[in-house]
Amino acid sequence: MEQKSKEEEKKVGVIETWLRKHTLLFKGATRHPLILSIRDGSIDIASFKSWLAQDYLFVRAFVPFVASVLIKAWKESDESGDMEVILGGVASLEDEISWFKREASKWGISLSEVVPQQANKKYCGLLESLMSPDVEYTVAITAFWVIEVVYQESFAHCIGEGSKTPQELKETCERWGSEAFAKYCQSLQNIANRRLQKASDEELKKAEHTFLNILEYEVDFWNMSRGNV
């Protein structure tokens, strides 16, 4: 029975199988009350500002993680195109950090005074653990995809049909909810799926565990921004 489910998993795609299997947790991360409050226009701006400040710190920790994925791709990838996709992600992070600084200035947030909250510290600690040379490229690229796709799915929902997202938050939502970002996330998913199809049972277990871990940390991060910690 287990062998049959593994064959099915590899036929339809490992990630697609996980998304079906863990629908509730994925929805919890991508349809969080904070996101729903942006979409329906009821967002408490204090929560948005808290998210912005904490996410700036997270993105700074995300940079070395993405660089470590690039190094793993260079060493372990069976496809030369992987490096170009990941390099595009690295390059976009400089612009992202500049964007956070501009947004913080607009909202009167002093980024130098922001202290990471517990949920942020834990998430950044997870990123650091994934940078270890012992973590396989397959696991690392899966983690990279999950982190990006949660934002893509969340913020795309905020600009979807029928949304009442406040005008001053539309730029934020379009940043991650855009078609271009969706295509980039699909490129990462394609790489992760290709690697997972060839992965050992042990690697598959580690990758799925990391997938679930990240979704839980994403929920905690949204909760933190609303002050629900």
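**Cysteines**

In this predicted model, the sulfur of Cys-173 has its closest cysteine sulfur in Cys-158, 4.2 Å away, which is too far for a bond. A disulfide needs two cysteine sulfur atoms within 2.5 Å. Cys-173 is also buried, because its relative accessibility is 1%.

By the distance rule, the count of disulfides is 0. Cys-124 is likewise in no disulfide, and the nearest cysteine sulfur, that of Cys-185, is 19 Å away.

**Annotated domain**

The UniProt record, an unreviewed entry, annotates residues 21–226 as "domain: Thiaminase-2/PQQC". In the model this span is 79% helix and 0% strand.

**Nonpolar core**

In soluble globular proteins, nonpolar side chains tend to be buried together. The largest nonpolar core here has 74 residues. Those that touch the most other members are Trp-51, Phe-62, Phe-65, Ile-86, Ile-141, Phe-144 and Phe-155. Helix H8 (residues 137–158) supplies the largest share of this core, 14 residues.

Which residues does Ile-141 touch, not counting residues up to four places away in sequence? They are Val-69, Ile-86, Leu-188, Ile-191, Ala-192 and Arg-195.

**Two crossing helices**

Helix H5 (residues 45–76) and helix H11 (residues 201–225) have axes that come within 8 Å and cross at roughly 135 degrees. H5 is therefore oblique to H11, since an angle over 145 degrees would be needed to count as roughly antiparallel.

On the H5 side of the contact are Ser-47, Ser-50, Trp-51, Gln-54, Asp-55 and Phe-58. They meet Phe-221, Trp-222, Met-224 and Ser-225 in H11.

Key:
Residues are numbered from 1 along each chain as its sequence is written. This is a predicted model: local features need pLDDT of at least 70, side-chain atom pairs count only at pLDDT 80 or more; totals for chains, interfaces and linings use all residues. Side-chain values use heavy atoms; hydrogens and water are left out. Buried means under 20% relative accessible area, exposed over 50%, partly exposed in between (1.4 Å probe, protein chains only). UniProt positions are given in the numbering used here, feature names are shortened, and annotations may be inferred rather than shown by experiment. Helices (H or I, at least four residues) and strands (E, at least two) are DSSP runs, numbered from the N terminus. A nonpolar core is a set of buried Ala, Val, Leu, Ile, Met, Phe, Trp, Tyr and Cys residues joined through side-chain atoms within 4.5 Å. Contact means heavy atoms within 4.5 Å. Axes are lines fitted to C-alpha atoms, for helices over the stretch in contact, and angles run from 0 to 180 degrees between N-to-C directions. Angles under 35 degrees count as roughly parallel, over 145 as roughly antiparallel, 65 to 115 as roughly perpendicular and the rest as oblique.
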